Amino acid sequence: MLSDASGSTAQDREGGPSRQRFGLRRCGYIVSRCTASRVLSDTEAPMDDSLYFEPHHHQVREMVRDFATTHVAPVARELDRTQEFPWENIARMGELGLLGVPWSEDLGGAGLDQMSYYITIHELAKVDASHGLTVSAHTNLGTSPIVDFGTEEQKKRYVPLLASGRVMGGFGLTEPGAGSDAGGTATMAEDRGDHYVLNGAKNFITHGGVGEIFVATARTSPGKTHRGITSFILTKETCDLERCKAVGVGHSDDLSAIPGFRAGKKEDKMGWRASDTRELIFEDAVVPKENLLGTPGDGFVNFLKTLDAGRIGIAALSLGIAEGAYEEARRYAATRKQFGRHIASFQGVSFALADMAMEIEAGTHLVYTAARLKQAGKPFKKEAAMAKLFCSELAMRATTKAVQIFGGYGYTADYPVERMMRDAKVCEIGEGTSEIQRIVIAREILADLMDAGQVAGS
């Protein structure tokens, strides 16, 4: 679809929806009409953005900020209270291209880059972590394995549905007995000639109920190591069918549900409460051979690659939570008075804000360094783990300090910092705990010495 010099398409000018509004060709990077044109103040952009961002990244950031302020902030508290999935905003994000940022236009995506994708997560999470997680889990966990390891036929069949936001996607790796030890996968896949039969269960699966397309692992060879773990593409009907029909997204009649594959119990979580988290259950699930994803036996190794990239996403999410809490606390401290003075003038408060600002700056560099490496096609495992570890723990420190600055008010639902603190905790757990990140980093920094036999026990 062609655009004019103003960045609008013919369909935009006629009032119809257009996926081109988000940003397309590298020569132009069209941005939605909702983009604000304001210039960032020094306090809003503490980092020298030129180190990482090109002009189109600023445009993406402004558009997502405007969307988050206009559509996410007004409903975040109520969605957290009710644990409802934000289908109305999913429809809006699909129109803007936010659910397919890094995927090519040929596959129904926005045709942008990895930096734009991480910026999207970062900006959404400043306002509500659940919305940021929805983009992260859907794009990286639910879609990227098909993009990275799928056949051309699989890409054409499934990715446009996901990238456009017509249906939600998910990633089935974690099991009751296989959390950090993902190699302990117990779900079995029996080869029956022209299909596999899967039996087992996954838990803590983002979009487990609302989603319709999933990538999941199962053991095709006996044993307890990662060898013999294979990945598959599975489809089912969303659990919110009537609501999906009402908003016009979330379900596709083009998909055939896998017999024996269904969602299980919905988790009642501390945080990320507007994000759907459930079990996935396989009861003699009949999966056609054409749904095999990648080479048999490579599922575990391929999914680890997916998790490496996902750690940058969770780092960006964590950074957004920390930054959102910092901004709330900074504004509050500048208006709240005690003992006849604004509390920001007290050293105990100002030092806490100074520490938060410093650590956010450091986290920003870690996140976008890892993102740049990934975008350039360079190794990024260590940098992703560092960013995820630092920013997830930063999110807990920053939100705890923010609640403390708010005092008793911070402990109530009248202000968003208590929700931010609850949302922050799982960032230290999901997609690799803090302990796992330290293991990954240690292995990376000691690998050359281990290979040379210079570390005792090697």
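This is a predicted model: local features need pLDDT of at least 70, side-chain atom pairs count only at pLDDT 80 or more; totals for chains, interfaces and linings use all residues.
Residues are numbered from 1 along each chain as its sequence is written, and side-chain values use heavy atoms, with hydrogens and water left out.

**Exercise 1.** Determine how helix α8 packs against helix α9.

Solution. Step 1: locate the elements. Helix α8 covers residues 299–335 and helix α9 covers residues 347–375; helices are DSSP runs (H or I, at least four residues) and strands likewise (E, at least two), numbered from the N terminus.

Step 1: state the geometry. The axes lie 9 Å apart at an angle of about 155 degrees, where axes are lines fitted to C-alpha atoms, for helices over the stretch in contact, and angles run from 0 to 180 degrees between N-to-C directions.

Step 2: assign the handedness. The crossing of α8 past α9 is left-handed, that is, the near helix is turned anticlockwise from the far one by less than a right angle; clockwise would be right-handed.

Step 3: examine the contact (heavy atoms within 4.5 Å). Residues of α8 including I312, L319 and Y326 meet residues of α9 including L353, I360 and V367. The contact comprises 18 nonpolar, 2 polar and 3 charged residues (Ala, Val, Leu, Ile, Met, Phe, Trp, Tyr, Cys and Pro are nonpolar; Asp, Glu, Lys and Arg are charged; the others, Gly among them, are polar).

**Exercise 2.** Determine how α5 packs against α8.

Solution. Step 1: the axes are 10 Å apart, at about 160 degrees. The two helices are therefore roughly antiparallel.

Step 1: α5 passes α8 in a right-handed crossing.

Step 2: in α5, L133, L141 and F149 are among the residues that meet α8, whose partners include F303, L307 and L317. This contact divides into 11 nonpolar, 8 polar and 1 charged.

**Exercise 3.** Describe the largest pocket and its lining.

Solution. Step 1: the pocket has a volume of about 1300 Å³.

Step 1: 44 residues line the pocket, and T174, I429, G430, E431 and G432 lie nearest its centre.

Step 2: elements supplying at least two lining residues each include α5 (129–149), β1 (169–172), β3 (195–206) and α12 (434–451). The largest share, 6 residues, comes from α8.

Step 3: the lining divides into 20 nonpolar, 12 polar and 12 charged residues.

Notes: On a 1 Å grid over the protein atoms alone, a cavity is a set of points where a 1.4 Å probe fits but cannot get out, and a pocket is an open set with protein on both sides within 12 Å along at least five of seven lines; lining residues have an atom within 4 Å of a point. Grid points are joined across faces, edges and corners, and a volume is the space filled by probe spheres set on the points. Angles under 35 degrees count as roughly parallel, over 145 as roughly antiparallel, 65 to 115 as roughly perpendicular and the rest as oblique.
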